[in-house]
Amino acid sequence: MTSQSAADIRPLDESAELLVDDPTWWRQAAVYQIYPRSFADASGDGIGDLRGITSRVPYLRDLGVDAVWLSPFYPSALADGGYDVDDYRDVDPRIGTLEDFDELSSVLHAAGLRLIVDLVPNHTGSGHAWFQEALAAGRGSRARERYIFREGRGEHGELPPADWESIFGGPAWTRVEDGQWYLHLFATEQPDLNWADREVHEDFLTTLRFWSDRGVDGFRVDVAHALAKDLGEELPSAAELQAMPQDGRHPLWDRDEVHEIYAEWRRVFEEYSPPRTAVAEAWVGSAERRARYASPQGLGQAFNFDLLEADFDAADYRRIVTENLAQSAQTGSSSTWVFSNHDVVRHATRYGLPPRAGRPGKQGADWVAAGGPDEGIDRELGLRRARAATLFELALPGSAYLYQGEELGLHEVAEIPDDQRQDPAFLRTTPETRSDDGLGRDGCRVPLPWARGGASFGFGEGGSHLPQPSWFADFSVEAESDDPTSTLEMYRRALHLRRELHGAETLTWDDALSDGEVLVFERTGGWVCATNFGDEEVPLPAGEVLVASGELGGSEDAAGGARVLPGATTVWLRR
Ligand code: GLC
């Protein structure tokens, strides 16, 4: 794989340069999430790297996305796929160097694409210099104040300070050599930072400036709703914690004062032109609580996972869209839409699960609840619905966050032997305790197939750090390119059209054409999106067909609107 330099890359279109200073670029951006270890491997060591990404910038440009979000690429022990950061201002040597980062940034920008990096402020990795210092310095030291250390319960402090369980399973407190315990809401290797400590604040401001100075356009903020904590003297039990409302005063989650942190960050974002942007990952109770993260005085935007958690259902989709557009009109932010990311079972697979109340679930719960990876999944239907859902999403006002591989219609990979799984959500649980986290998240993190064949389907010369299944051949970029019926070509066409078509951040439901199983809405300029959520075909609304998620039935020549919109299909039309 050859590396690309800025000079080799043709800009996306003639106006790319004009966009550079546009402070509103994020409002309706299509953002493509890259999981760097699994995207493209230029060095041939089986792990994706920054030079691999740089070599694929032409692919991203031709796909038609507006920005790239990089999941963590920082030095890390990889206890949680890089979300255990040992140094916030460097690149993991397995992934590249700061020079590689600068090159990627300039090649992306030359192609008219923005760059967003992932920031992980709730916890560091246990290899971080601060945590190592805290371990060495002992109880009562200044170094321990940056984290959350406590004495244990029991006669000799041999019991954890509380019976809390970590998000990945297993205890949330771990004892260190001198007998104190520290809090980790996630894996043992992810000690929670103490955001009551001023130095923690200062250091993150330095990190924000470090990447902003290097040309980063925005930040994705990991677990944004957990930074502020108030544990008090007496810790509640796990059951008590669970019963407490998340109304801004919960000891751990979504506390009101977390927004003071983001107001501070906002002042840094505004030091730059255009201002740096941010999007919060905040799994909070209501759209109203989420809106606080998206405020223009705070992070500016927040992920809305409502569609990701919804069934493929017309009424649910309509309610979610209406609520979220109203919410963003009120806050001045723009809506965000997500179907897949590195934490959930891919939507092509979720939508093929057999019907079940509450499906599909976050973190793959239903993947296992459905009876295991291969039982009862209708992959064809799943992909058909996923394509219809995506085309619906791309027509909505606001920004769409896409996850690498969804443009190929990839399914979750089930065929990963237990001893090759890497996710702590899998490793920290047993089959008995695994009901919530399923098989973990490795199945959506398998390196991408670029070619039909070769050692790792074109991912790199040196194999792949997670095993790729043989069916990847048919889902490869090579197999799907230039096939007008492929998922990849549908994404390409829709993303390019979307850029031309989207205007005002509003939509109008067409109530004459929408019914129980069909949703039709219009954006500005006569751009219409129609989705049939049912199984039976319905008449195709009038207009010139721009792109469809599946083959449209009926005859094009037939007069009088004889064409049909089949079940689980979305079409864009121009009136
Ligand atoms: C976020 C990330 C997830 C990670 C966790 C802990 O939810 O998306 O991948 O495991 O935070 O950092």
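Analyst: Helices here are DSSP runs of H or I with at least four residues, numbered from the N terminus. The model is predicted. The mean pLDDT of the protein chain is 91, and 90% of its residues reach 70 or more.

The whole structure holds three cavities of 30 Å³ or more. The largest cavity has a volume of about 130 Å³. Its lining counts 14 residues, and Arg290, Ala294, Asn324, Gln327 and Ser328 sit closest to its centre. Two helices, α8 (287–293) and α10 (314–331), each give at least two residues to this lining. α10 makes the largest contribution, with four residues. By class, the lining of the largest cavity has nine polar residues, four nonpolar and one charged.

Next comes the second largest cavity. About 60 Å³ of space lies in it. There are 13 lining residues; His347, Ala386, Glu406, Gly409 and Tyr491 are the closest to its centre. α11 (347–350), α13 and α16 each supply at least two of the lining residues. The largest share of this lining, four residues, belongs to α13. The classes split into five nonpolar, five polar and three charged.

Now turn to an open space, the second largest pocket. α13 (379–394) and α16 (487–501) each give at least two residues to the lining of this pocket, as does β16 (544–548). The largest share again comes from α13, here six residues. The volume of the second largest pocket is about 540 Å³. Its lining has 21 residues, with Arg387, Thr485, Ala548, Ser549 and Gly550 nearest the centre. Nine of the lining residues are nonpolar, eight charged and four polar.

The chain divides into domain 1 (6–122 + 198–494), domain 2 (129–183) and domain 3 (506–574). The second largest pocket lies between domain 1 and domain 3, because both give residues to its lining. The C-alpha centres of domain 2 and domain 3 are 58 Å apart.

Glu505 and Arg27 pair through their side chains, at 2.7 Å from N to O. Glu505 lies in the loop between α16 and β12 (508–509), while Arg27 lies in the segment before β1 (30–34), 478 residues away.

How values were computed: Residues are numbered from 1 along each chain as its sequence is written. This is a predicted model: local features need pLDDT of at least 70, side-chain atom pairs count only at pLDDT 80 or more; totals for chains, interfaces and linings use all residues. Side-chain values use heavy atoms; hydrogens and water are left out. On a 1 Å grid over the protein atoms alone, a cavity is a set of points where a 1.4 Å probe fits but cannot get out, and a pocket is an open set with protein on both sides within 12 Å along at least five of seven lines; lining residues have an atom within 4 Å of a point. Grid points are joined across faces, edges and corners, and a volume is the space filled by probe spheres set on the points. Ala, Val, Leu, Ile, Met, Phe, Trp, Tyr, Cys and Pro count as nonpolar, Asp, Glu, Lys and Arg as charged, and the others, Gly among them, as polar. Domain bounds come from an automatic or database domain assignment. pLDDT is the predictor's confidence in each residue, from 0 to 100. A salt bridge is a side-chain nitrogen of Lys or Arg within 4 Å of a carboxyl oxygen of Asp or Glu.
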